[in-house]
Amino acid sequence: MMERLIRWALNRIPRPVLQRLAGWAVPLAGVLYKGRGVECPVCGARYRKFMPYGYVRPRANALCPRCLSLERHRLLWLYLSRETDLLRTLPRTLHIAPEVCILRHLKPCFAAHPDRYLTADLESPLADLHFDVQQIPLADASVGAVICNHLLEHVADDRRALRELHRILRPGGWGILLSPVDLGRESTYEDDTVTDPAERTRIFGQYDHRRIYGRDYAERLREAGFDVDDIDYAAALTDAERRRYALPEDHIYVVRKK
């Protein structure tokens with residue numbers, strides 16, 4: 001029942017409305033998941049299991065009822081908090097398509113320097129700035145860090161967007177640019193003639209996706225001028241951590257600008 005309800009909401013309710021509703025509706029549903037089988041590293045909440053989530057075939061044990069983190073957000077937060085100096089040095093950071101679970105932790109960290117934490121999205125009510133990532137209205141070399149999670153698969157011209165991200169990043173700056181990558185696929189598949197939402201869902205896995213990235217994703221980032229580290233971060237954690245946090249097999253893609 002919960003799987004069907006979540007799938008219906010994801011596919012029928014406009015995203016800005018859904019983002020507002022989820023803040024109270026999901027935690028309310030979380031009372032059904034009380035327990036201690038899993039733990040969210042983002043908010044610290046524990047449940048017997050996480051809620052299901054997915055547009056087509058909902059994934060079990062995916063969504064934290066308290067902070068709304070998904071598997072990829074939990075992996076990202078572990079990497080940010082354990083492996084980077086972001087929370088200590090507070091570089092001017094551009095967070096594109098900000099996830100509420102990550103935003104709620106980062107914003108207070110920058111409270112003494114609010115001008116150093118910029119959130120941006122095309123339409124999300126959570127963002128401070130609203131623009132198309134293919135044409136970013138920021139100056140060259142104006143930010144020290146970029147966080148962009150599961151956005152590029154939605155963008156019409158992802159190569160143009162990547163060039164824009166490279167342009168605004170200062171020399172020596174870094175970023176984490178995550179996208180769903182099918183590691184079983186050698187090269188990225190895209191077809192701009194596919195515009196029907198149902199057909200996009202069938203081919204790309206979601207109604208608003210435009211491509212499926214393959215193992216050439218890191219090379220696509222390099223084409224924009226970045227140095228790239230392709231890190232299988234979940235594999236570096238213990239089996240117990242992967243189970244407790246319900247982590248994906250996704251890789252972390254860290255980019256740097258010379």
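This is a predicted model: local features need pLDDT of at least 70, side-chain atom pairs count only at pLDDT 80 or more; totals for chains, interfaces and linings use all residues.

Residues are numbered from 1 along each chain as its sequence is written, and side-chain values use heavy atoms, leaving out hydrogens and water.

- Helices (H or I, at least four residues) and strands (E, at least two) are DSSP runs, numbered from the N terminus.
- In strand β5 (residues 93-96), T93 and H95 point one way, while L94 and I96 point the other way.
- All of these residues are buried, meaning under 20% relative accessible area with a 1.4 Å probe, protein chains only.
- In a regular strand the side chains alternate between the two faces of the sheet.
- β5 pairs in parallel with strand β6 (residues 117-121) over 4 bridges; two strands pair if DSSP finds at least two bridges between them.
- Within β6, T119 sits opposite H95.
- β5 also runs parallel to strand β8 (residues 143-149), joined by 4 bridges, and A145 in β8 is the bridge partner of T93.

**Helix α5**
- V100, C101, I102, L103 and L106 are the buried residues of α5.
- Their cover includes α3 (71-83), α4 (86-89), β5, β6 and β8.

**Around L165**
- Setting aside neighbours within four places in sequence, L165 is in contact (heavy atoms within 4.5 Å) with I96, V133, I136, V146, L177 and F226.

Note on methods: Buried means under 20% relative accessible area, exposed over 50%, partly exposed in between (1.4 Å probe, protein chains only).
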